[in-house]
Amino acid sequence: QVDLVESGGGQAQAGGALRVSCEVSGYTNCMAWFRQSPGKEREGVASIRRDGRTDYADSVKGRFAISRDKSNNIVYLQINSLKPEDTAMYYCAAAPPLSVCTLDLARTPFSYWGQGTQVTVSS
């Protein structure tokens with residue numbers, strides 16, 4: 001069993017930065033951040049494996065950074081150069097230990113999800 005609790009969302013101005021956090025209880029290998037805004041499909045934005053390897057959606061490369069504090073079991077998502085289109089509910093997710101780690105929900109069975117944290121960016 002894996003429990004995930006997000007925090008750190010909020011409101012920010014375009015061009016600013018925010019960091020969202022995900023506190024993880026239980027063993028995980030593949031962790032990821034997804035986002036979803038009203039009327040849109042859930043989109044994977046960043047993933048990180050236990051060995052530190054990361055992957056990003058093309059739409060956020062260069063602006064988002066995912067990291068993992070193993071000692072405190074926290075996964076962070078740093079969002080820089082905020083844009084209004086970054087406005088969404090951000091979810092932390094974990095896949096079962098032997099899963100291939102991708103941002104594609106059709107390939108990676110993310111079984112565990114947090115409750116989400118809202119990020120709102122104003123222009």
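I count a residue as buried under 20% relative accessible area, exposed over 50% and partly exposed in between, with a 1.4 Å probe and protein chains only.

**Entry 1: ground rules.** I am working with a predicted model, so to speak of local features I need pLDDT of at least 70, side-chain atom pairs count only at pLDDT 80 or more, and totals for chains, interfaces and linings use all residues. Residues are numbered from 1 along each chain as its sequence is written, and side-chain values use heavy atoms, with hydrogens and water left out.

**Entry 2: salt bridges.** I looked for a side-chain nitrogen of Lys or Arg within 4 Å of a carboxyl oxygen of Asp or Glu, which is what salt bridge means here. The structure holds five of them. One joins the side chains of Asp86 and Arg35, at 2.9 Å from N to O. That pair links distant parts of the chain, with Asp86 in the loop between β8 and β9 and Arg35 in strand β4, 51 residues apart. Strands here are DSSP runs of E with at least two residues, helices are runs of H or I with at least four, and both are numbered from the N terminus. Arg35 counts as buried because its relative accessibility is 8%, and Asp86 is buried at 0%.

Asp86 also meets Arg63 in a salt bridge, at 2.7 Å from N to O. Here the partners are 23 residues apart, Arg63 being in the loop between β6 (54–56) and β7. Arg63 is buried too, with a relative accessible area of 10%.

Another bridge joins Arg49 and Asp51, at 2.4 Å from N to O. Arg49 is partly exposed, at 26% relative accessibility.

The sulfur atoms of Cys22 and Cys92 are 2.1 Å apart. The torsion about their S-S bond is about -80°, so this disulfide is left-handed. Cys22 lies in strand β3 (residues 18–25) and Cys92 in strand β9, so the bond ties together parts that are 70 residues apart in sequence. Both cysteines are buried.

Cys30 and Cys101 form a disulfide with their sulfur atoms 2.0 Å apart. Left-handed or right-handed? This one is right-handed, because the torsion is about 70°. Cys30 sits in the loop between β3 and β4 (31–36), and Cys101 in the loop between β9 and β10 (112–113), 71 residues away. Cys30 is buried at 0% relative accessibility, and Cys101 is buried at 16%. With the bonded cysteines numbered in sequence order, the pairing reads 1-3, 2-4.

Entry 3: In β7 (residues 64–69) I see Phe64, Ile66 and Arg68 on the covered face, and Ala65, Ser67 and Asp69 on the uncovered one. Strands β7 and β8 (residues 74–79) run antiparallel, joined by six bridges; I call strands paired if DSSP finds at least two bridges between them. Phe64 stands opposite Ile79. Four residues separate the strands, and Asn73 in the turn has a positive phi of about 50°.

Technical notes. A disulfide is a pair of cysteine sulfur atoms within 2.5 Å.
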